[in-house]
Protein chains: 2
Amino acid sequence: MATRSNTPRRGKMVNGFDPSTTGTLDKRTRDFVERRAHLLGPAYRLFYADPVEFVRAHDVLMYDADGNEYLDAYNNVVSVGHGNPHVVEAVHAQMQTLCTHTRYMHEGILNFAEKLLGSFEDNIGHMMLTCTGSEANDLALRMAKHHTGNKGIIVTSEAYHGNSDLSASFSPSLGENAPLGTWVRRVPAPDTYRASANDMGTWLAGEVSKQVHDLQRRGEGVAAFVVDSLFSSDGVFAHDHPILKPAVDVVREAGGLFVADEVQCGFARSGSHIWGYQRHDVVPDIITMGKPMGNGYPVAGVAMRPNVVEAFGNDMRYFNTFGGNTVAVAAANATFDVIKGQNLLHNSAQVGAMLKAGVESLARSDERIGDVRGAGLYLGVEMVSNRATKTPDSKLALGLVNAMRAKRVLISATGFNANVLKIRPPLTFTPAHVDRFLSALESALRESR
Amino acid sequence: MATRSNTPRRGKMVNGFDPSTTGTLDKRTRDFVERRAHLLGPAYRLFYADPVEFVRAHDVLMYDADGNEYLDAYNNVVSVGHGNPHVVEAVHAQMQTLCTHTRYMHEGILNFAEKLLGSFEDNIGHMMLTCTGSEANDLALRMAKHHTGNKGIIVTSEAYHGNSDLSASFSPSLGENAPLGTWVRRVPAPDTYRASANDMGTWLAGEVSKQVHDLQRRGEGVAAFVVDSLFSSDGVFAHDHPILKPAVDVVREAGGLFVADEVQCGFARSGSHIWGYQRHDVVPDIITMGKPMGNGYPVAGVAMRPNVVEAFGNDMRYFNTFGGNTVAVAAANATFDVIKGQNLLHNSAQVGAMLKAGVESLARSDERIGDVRGAGLYLGVEMVSNRATKTPDSKLALGLVNAMRAKRVLISATGFNANVLKIRPPLTFTPAHVDRFLSALESALRESR
């Protein structure tokens, strides 16, 4: 496992506003924060030491109430750009025409299913729609449990897969106070920065195998191994060659399924493939997707090998009132068309490479940057207090996140120690945006010395 | 419990299309049904023996591809009318301006929270937003479990509360093949048609008490008693005086919470109050809402007494990427404004009473109608083969549902025996629509003799 700092932040949130500092805010923000706590209660969190209010946005730019412009290098949901007119108008037209559910026939969902399924390998035969990534992961595991007859779930140590009772039970990044299921087992993330294994695939398979064995000893068996192939909440690890197959083989031999959680890494984010798992040259049993699917419209889904849903579908049915409604489909269809039509996969690769090269260049003259990694337009930049010992520096990372916010550039942090800068702008990011980003990061680094 | 017919329909769906009859459909429908099964798999269901395709809709009218007009007496999601321009334009304007999540400050959600919370009793202090009613019920129970330290859940025998792993575990109406949680207990619905109890409140409290005791004996304790106060999937029971308080007292004495599931009965549906539970003169600990909240836009939510979320919110946070995003709030806000501005509560009461009186009038000359019940624009019409024995006639009920579809009027069926016609049109239903509905029902009844 990764070196652990002792910073007590479990049950808290990386880059979350700390309500005990409300008194230090300007009056408008303080009033807002207090009114918000009064109405929405304690479960909501705001970003940043100094929370930010937005009133409008366009493409990769967001604006506060005073008209100040922010560069959005964080929001992966609006992957084809804030307010993308193609998506906005598709939703508007469909809302005016018909907004109804999937128990009536409508061609929209079938045409979209054909298009989406065409982006997977041939043995991924069915698509089902939900409203959120949490619902997609929850449904995937309901199917996996029903299909396998097993209950056990294996995830990486800092994984996040959702907010439903079941998906939260296998989301250790929610913190020590959020109960993990007794049927949940964790393996260390394949950490490209710290791991010493020569063959990371074999090593990961060994870790998974230990957990499979333990689940079997408890009589739970293994229902699924669930993986975000960019390991986003573990700290962003993008392997340059496939490492998942040996672990997937172990899981399948034990009767379990491989679930690829594409909520973060799917829809061209990784730059080289539409789907993140495709970087690992292995075909999942179930694929879950969400966040950018409708560019902000609540739509998410599950794709799968047909045999996985056969018993579940016949025994139980699945109906989601809004899932796959005609408008959700219009949003997803328009978003996917923009990704394809504007070749945002290519843009993600090209602009992502520029961004990475730029940060690597900063790292050459700043040894506090321990590691720069990622794929496409998803970057993790790990801050350390000592390059030799690789000691995590979460204070520096959070300081940089807040300094960037002051410079009106949006990023956040991730990983167990919250010391990894998380950079994942809309896929419409351009080289000019990269320049603007790098110049802000450079000055934030300089000022933080 | 209610008399049970032996019709095997568990794990199937009331009013679901039977794929084994695909060969009897016209070519266009057959092709569609086959393509749909090929792409979406076996978990999806279509309504009606002869599925219907819609291409557009306006207010309470829907249109198929040939331009045929259907009267919608079923879809409660579009409660302010299909394509309501106030909602459509509010969503469009907000989508063009800003679609982002709740970790930035935005006034929209606070203004809406104030408005919504104003419709509850004073001790309901916080609101949280999700995307679906399933997510709302799942979150409500996560909070209830965390707050009470207990796990047990008590529901009515044919309840439906959602499709997530947890909410499906306390949704017995999903059928025998959908596993109930070992921590879930059922009580018979308070059946106004068949129950013999003089005091239904005392009787229900006794039934709940037995289940509380059993949960305590297993060491689970009771986390919550979850009730849809119109008992929609149990067969639609609308009591004319409060009956829930004694049962709620029993649950609270045992340390459990009362969760009012308002997904079906909320937002003015019941005609006399904005919220269904208010007909029972008892204030819940948690209120969940969904379906009509955004008139089809995926938005749902939870409101609660502040103490219920205190530990949960501090220990765990809750973030829902799309839940409470600026557009979802615009949709919910506009829908609530229309309900208030057009006084649809009053319309629900007035037009609902006409509808009920009309069906009661048909019942006077047709003894196959065993019972007509409901509140506001939510009616249950129970079909029986014998009024004296009250023997359920599901074949007749499903025949009527399909006959109405042939006459281009949309309804469905509900209840354990699927013998209760389920009638719940958009709240913009007018007296002229009632006449059109009654004339179709009259002729469907006549032709079914």
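Where is the place of B:N163 in chain B? In this predicted model, B:N163 sits in a loop of chain B, with β5 (152-156) on one side and α5 (165-169) on the other. Because its relative accessibility is 7%, under the 20% cut-off, B:N163 counts as buried. Leaving aside residues up to four places away in sequence, B:N163 touches residues of both chains: A:E135, A:R142, A:Y318, A:F319 and A:N320 from chain A, and B:S134 and B:A168 from chain B. With one of these neighbours, A:F319, there is a polar approach as well: a polar atom of the B:N163 side chain lies 3.0 Å from the backbone oxygen of A:F319.

Contacts between the chains involve 101 residues of chain A and 100 residues of chain B. The size of an interface is often given as the accessible area lost when the parts come together. Here, chain A and chain B bury about 9,000 Å² between them, and carbon and sulfur atoms account for 59% of that area. Three residues stand out on the chain A side: A:Y104, A:M105 and A:R317 supply 10% of the area that chain A buries against chain B, more than any other three residues.

Six salt bridges are counted between chain A and chain B. In one that can be looked up in the structure, A:E107 pairs with B:R35, and the closest N and O atoms are 3.8 Å apart.

Which elements give two or more residues to the side of chain A that touches chain B? They are the helices α1 (27-40), α2 (85-97), α3 (107-117), α4 (133-148), α5 (165-169) and α8 (306-316), together with the strands β1 (56-58) and β4 (126-130). The largest share comes from α1(A), with nine residues. Sorted by class, this side of chain A has 52 nonpolar, 30 polar and 19 charged residues.

Finally, how are the two copies arranged? Chain A is superposed on chain B by a rotation of 180 degrees with 0.0 Å of shift along its axis, at an RMSD of 0.0 Å. The two copies are therefore related as by a two-fold rotation axis. Both copies use the same surface, as 99% of the contact residues of chain A recur in chain B.

Methods
Residues are numbered from 1 along each chain as its sequence is written. Chains are lettered from A and ligands numbered from 1 in the order in which they are written. This is a predicted model: local features need pLDDT of at least 70, side-chain atom pairs count only at pLDDT 80 or more; totals for chains, interfaces and linings use all residues. Side-chain values use heavy atoms; hydrogens and water are left out. Contact means heavy atoms within 4.5 Å. Buried area is the accessible area (1.4 Å probe) that two parts lose on being put together, summed over both. A salt bridge is a side-chain nitrogen of Lys or Arg within 4 Å of a carboxyl oxygen of Asp or Glu. Helices (H or I, at least four residues) and strands (E, at least two) are DSSP runs, numbered from the N terminus. Ala, Val, Leu, Ile, Met, Phe, Trp, Tyr, Cys and Pro count as nonpolar, Asp, Glu, Lys and Arg as charged, and the others, Gly among them, as polar. Copies are superposed by least squares on the C-alpha atoms of residues with pLDDT of at least 70 in both. Buried means under 20% relative accessible area, exposed over 50%, partly exposed in between (1.4 Å probe, protein chains only). A polar contact is a pair of N or O atoms within 3.5 Å; within protein, one must be able to donate a hydrogen and the other to accept it, and residues adjacent in sequence count only if both atoms are side-chain atoms.
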